[in-house]
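Let's take a walk through this one together, starting with the charged pairs and moving on to the sheets. Have your viewer open as you read.

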Amino acid sequence: MKLSILSLAVLCIANTLTFAEAPLQPPANIKPAPSILNRPISDFNLDKTSLSDALDYLRDTASVNMHVNWNALQIAGITKDTPVSLQVKNITLRKALTLLLADTSPATWYIDQGVIEVTTQEIADKHTYTRVYPVEDLVMVIPDFIGPQFNIQQASQSGQGGGGGQSPFQQTNTTAIDPQQARQNKQQRGNDLVTLITSTIRPDIWKSNGGTATIVYSGGMLIVNAPRQVHELISTR
């Protein structure tokens, strides 16, 4: 099967980005970020605790690297002494961070090479990178195959004859899928996937909605240029 120039270009981009975005290996005593984010926090009971102490507790409990941009947060009116309250049990670190910073807007977090960065939403949105997501399994067109029909009368007659009669299964003719139609269907599904993402994941961030992030479907892949927080949301859905 011959690949189009566009497909070859996308494959080259994918290979380049995969190499460029390969995360650095963390030290042996630090668990990889994805497993840390999914680790359960058994007890998180805060009552007007300083934000600094709350983040330190999460850092120590999860044994994760964390960097807090206090200068940027202070400009936004958030200090180390900003009180936070949260009473939850048996949640993931990801959820704990999200809930903790929900009441301290515009504070947010994202992951950069295994380090949890806590900063303002404005700064987080300025740092974008491109990633390619294979979605062939989501847009592929599965043909409807019509199975053979079973003739009961013919099966009965064949049994009475006691010998090699005709098979009771009658093959039916199937119509081959038009390659052009199949490509159009895949493209439409890819476009629908783009619409779904841009309408549910940070709708305001996408260029089509007035933002700066971009997402394009081509050749069974999504090419996304967006902040790391957006990539985190896409990869966890």
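Counting salt bridges here gives 7, where a salt bridge is a side-chain nitrogen of Lys or Arg within 4 Å of a carboxyl oxygen of Asp or Glu. Before we go through some of them, a word on the ground rules: this is a predicted model, so local features need pLDDT of at least 70 and side-chain atom pairs count only at pLDDT 80 or more, while totals for chains, interfaces and linings use all residues. Residues are numbered from 1 along each chain as its sequence is written, and side-chain values use heavy atoms, with hydrogens and water left out.

As background, side chains of opposite charge can pair when their charged atoms come close. Take Arg59 and Asp56, whose closest N and O atoms are 2.4 Å apart in a salt bridge. Both sit in helix H3 (residues 51-62), 3 residues apart, or about one turn of the helix. Helices here are DSSP runs of H or I with at least four residues, strands are runs of E with at least two, and both are numbered from the N terminus. Arg59 has 23% relative accessibility, so it counts as partly exposed, and Asp56 counts as partly exposed too, at 29%. The cut-offs are under 20% relative accessible area for buried, over 50% for exposed, and partly exposed in between (1.4 Å probe, protein chains only).

Helix H6 (residues 121-126) has a pair of its own: Lys126 and Glu122 lie 4 residues apart there, again about one turn of the helix. Their salt bridge has its closest N and O atoms 4.0 Å apart, and both residues are exposed. Elsewhere, Asp125, Arg202 and Asp204 are linked in a network of salt bridges.

Now for a pair that reaches across the sequence. The side chains of Arg94 and Glu232 meet in a salt bridge at 2.8 Å, N to O. Arg94 is in helix H5 (residues 93-102) and Glu232 in helix H10, so the pair ties together parts that are 138 residues apart in sequence. Glu232 is buried, with a relative accessible area of 18%. What about the rest of that helix? In H10 (residues 228-235), 6 of the 8 residues are buried, so the helix is largely enclosed by the rest of the structure. Besides Glu232, the buried ones are Arg228, Gln229, Val230, His231 and Ile234.

On to the strands, which pair if DSSP finds at least two bridges between them. An open sheet of 3 strands runs in the order S6-S10-S9 with antiparallel pairing. Strand S6 (128-134) and strand S9 (214-218) stand at the edges with a single partner strand each, so one side of each is left without a neighbour in the sheet. S9 and strand S10 (residues 221-227) pair over 5 bridges, with Ser218 standing opposite Met221 in S10. H10 packs on this sheet, touching S6 and S10, where contact means heavy atoms within 4.5 Å.

Finally, look at strand S2 (residues 65-68), which pairs in the parallel sense with strand S5 (residues 115-120) over 4 bridges. Asn65 stands opposite Val115 in S5.

Zooming out, the chain comes to 10 helices and 10 strands, and buried residues make up 34% of its 237 residues.

Terms used. Axes fitted to C-alpha atoms, helices over the stretch in contact; angles between N-to-C directions.
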